[in-house]
Amino acid sequence: MSMLDGHEAERKTREQIEAEAELFGPLTSSVRSLIDATVMTDAAPEHIVRARALVEEAAALLDSRRMSAPFGTKWSADGTRRSWGNAVIGLRNPIAPLLEVAYEDGLASAEADLGAAYEGPPGLVHGGVVALLLDQILGGAADHAGVPGMTGTLTVRYRKGTRLGPVRVTARVDRVEGVKTFAVGRVHTADGLCAEAEGIFVLPREVRDMVAEMGRPQ
Ligand SMILES: CCCCCCCCCC(=O)SCCNC(=O)CCNC(=O)[C@H](O)C(C)(C)COP(=O)(O)OP(=O)(O)OC[C@H]1O[C@@H](n2cnc3c(N)ncnc32)[C@H](O)[C@@H]1OP(=O)(O)O
């Protein structure tokens, strides 16, 4: 599996894509609520047994036809792309905290509301989830700056526990050295700065080779 796999050009119109978003977005949102309810429920045992049967029925319905591969990245003719399976920003992924990343003046920023499903230490966000958010937003900052890459190294400094609830994550490109993009980012809550990170994003050799190949005169 390489960085070049899983990318697909699609012929769908904007209207078709919007219709898909209207179909799948609410499903994802409902399943996200279900995840939270599953973690937090204190319902009576018979309600839990009944809920399980309903969930299994829903899963069987959804599973009645499956895509042949995970969603990947789909590119439209107008250059827009969809990574709807992505673990952080995927519109079709109910475990994604669904960061909606905004880019302004070189700064990538996003907010998320991390509920009980993301708990690590009591009342606090799991450190791996903090790293997950940082990986995505640092990678997004590199991508948006036109110097994308795969995460080679991600270094996270956890300054204080990240309380469950609203978080703000930010990132920017610090510098570019050859094929390596160095990005830095932070996680804040109402308690202040909780984590800082530096990531080194490397444009893989095969992509470099492909770019060099395409750039060659005929
Ligand atoms: C909206 C969309 C936004 C998208 C955001 C996405 C965010 C999420 C990103 C991810 O989660 S990516 C998934 C996790 N990462 C991986 O799976 C990467 C797995 N590793 C690899 O694919 C390769 O090891 C890697 C591309 C990182 C490097 O392979 P190369 O064959 O291109 O490296 P090469 O040996 O040619 O070295 C090129 C340069 O990179 C440096 N380098 C290589 N591996 C490195 C590494 N791991 N960390 C830091 N630097 C590294 C290496 O020293 C060298 O530096 P110099 O040019 O200065 O000599």
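**View 1. Residues around the ligand in the predicted model.** Of the 16 residues around the ligand, the ones that come nearest are G139, G152, T153, P204 and R205. The structure shown here and in the views that follow is a predicted model. By residue type, the shell around the ligand divides into seven polar, five nonpolar and four charged residues.

View 2. Among the contributors, α3 gives the most to the shell around the ligand, namely five residues.

**View 3. The largest nonpolar core.** This core holds 30 residues, of which L133, L134, I137, L138, A141, V169 and V187 touch the most other members. Two or more residues of the core come from each of β5 (107–114), α3, β7 (165–177), β8 (180–189) and β9. The element that gives the most to this core is α3, with nine residues, and α3 is also the element that gives the most to the shell around the ligand.

**View 4. Surroundings of L134.** When its neighbours within four places in sequence are left aside, L134 is in contact with L154, V156, V169, G185, V187, A195 and A197. Both V169 and V187 are, like L134 itself, among the core residues that touch the most other members.

**View 5. The annotated span.** An unreviewed UniProt entry carries the annotation "domain: Thioesterase", which covers residues 123–193. In the predicted model, the end C-alpha atoms of this span lie 17 Å apart, and the span is 25% helix and 48% strand.

Definitions and conventions: Residues numbered from 1 in each chain as written. Predicted model: local features only at pLDDT ≥ 70, side-chain atom pairs only at ≥ 80, totals over all residues. Near = placed C-beta within 6 Å. Helix = DSSP H or I, 4+ residues; strand = E, 2+ residues; numbered from the N terminus. Nonpolar A, V, L, I, M, F, W, Y, C, P; charged D, E, K, R; others polar. Core = buried A, V, L, I, M, F, W, Y, C linked by C-beta atoms within 7 Å. Buried ≥ 20, exposed ≤ 12 C-beta atoms within 10 Å, placed from the backbone. Contact = placed C-beta atoms within 7 Å. UniProt positions renumbered as here; feature names shortened; annotations may be inferred.
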